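Dear colleague,

Please find the sequence and structure below.

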Amino acid sequence: MDLILAKVQGIVKATNFTFYMYDFSQENYVLKAVRKSINDTMIAPSYSGLLPYEKQHIKFAMTYPKGNFPSETLLVTEGEVSMVLMPIRGEMGFVKIGPIKKIPKKDIKILNEYSAILEIPIKKLVEECVNNDKRSRIDLQTSNRKERMLLAENYALYYGYGKMEELSQFDLIIVEPSGFTIPEFKRLKNNNKVIFTYLSLFEVHPMDNIFQDLTKDDLLFVDGEPLKNYDFGTYLVNLQSKKWMDHLLKNVQHHLEELEADGLFLDTIGDIESSSIPASIKRIQMDAIINFLHVLKILYPTHLLIQNNGLNTVCLETAPYIDGICWENPSFSLPETKEWTDLIVERLSLLKKEFQMKVFLLLEETLENERKAYSTAKDIAKAKDFLVYNAPVNYVEAINVLTR
């Protein structure tokens, strides 16, 4: 696929080249490869997922409906950006090129010739993908991550060490990856559990190794002061920082490829809703969050993402990219928040239906002793088909198997 983009790039001088291939299981065109050219430097897939063009940004669509297939090479406008679409004959796929203001007729002719030549190899590639997809769907309940997550009847969240026997009693498990060895992860996976690993998206602790390498540009500052979460002694990170993004992607690779986790539990993502962050900074950071999620879905399309909190505004933008959402410590028992909690319950119920999400209610004993909300949470979970877990103190004590 990258070879196709390289050949097309030799004909058309533009910044971005993307390849979409028809997916019979989804019945639409799915993004399969990205090539970005700046100063003759090739990057595939794109590092950021957002590519600048004057005042606009090109955000690669993950999919296109079948009706979007171009019958011939043509110039189209998306927003204020002009793009070239080159079809692969037989409706196998198409290449999207841009931005470009115009394209000579001779180049259109060459691209149309390419579109005919590429039909046979792409057809073989599609047939191979279809066969692989059929093999992978022999037993959805045991082989498909999303299906297994949706079928989960209980879950546990645990940031401590060990407790393998207790964890094995749950269908879905969220853990701190440093608390387990690779063999222990494999033991859990052998029991057909859906395993998510913790990843802090928006906060860094001074004890973390990466912190010593971060500069002022890598952290969030307001009026000359760094933003902090004083409850945990952490600093808020600038998600536009390439150093921080590289750090996150390195951790993601470790979690998903080396530990072979099924997905990521994205914590601290809701920090962006803090009133201490000015609106202008929030918008920039929100774009960076979508950026990151977009890249994750390109790099790891079959892995899963659960977002923790971010229920006011963040979830409305992240919903197309995530597979689950967790509501940590909902204040169901507080009369002064009833109107808000009722709104969030309905919002999560709608998102669950529209995007096939799994919704998790997470309570923790420290607050639960004060709020006494577990009974209400169980009733809501039963009525809305959510999962609920009442976690031991600080998520590191003995596993609470009574809440299965």
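The axes of helix H8 (residues 242–258) and H9 come within 12 Å and cross at roughly 35°. Axes here are lines fitted to C-alpha atoms, for helices over the stretch in contact, with angles from 0 to 180 degrees between N-to-C directions; helices (H or I, at least four residues) and strands (E, at least two) are DSSP runs numbered from the N terminus. Met245, Leu248, Leu249 and Val252 of H8 meet Phe292, Val295, Leu296 and Leu299 of H9, where contact means heavy atoms within 4.5 Å.

This is a predicted model, in which local features need pLDDT of at least 70 and side-chain atom pairs count only at pLDDT 80 or more, while totals for chains, interfaces and linings use all residues. Residues are numbered from 1 along each chain as its sequence is written, and side-chain values use heavy atoms, leaving out hydrogens and water.

Next, helix H13 (residues 374–384): Tyr374, Ala377, Ile380 and Ala381 are buried there, that is, under 20% relative accessible area, with exposed over 50% and partly exposed in between (1.4 Å probe, protein chains only). These four lie on the same side of H13 because they cover an arc of only 120° around the axis, taken from the directions from the helix axis to the C-beta atoms. On the other side of H13, Asp379, Lys382 and Ala383 are exposed. The buried residues pack against helix H11 (338–355), strand E21 (358–364), helix H12 (365–371) and strand E22 (387–391). Just after H13, aspartate 385 has a positive phi of about 60°.

Yours sincerely
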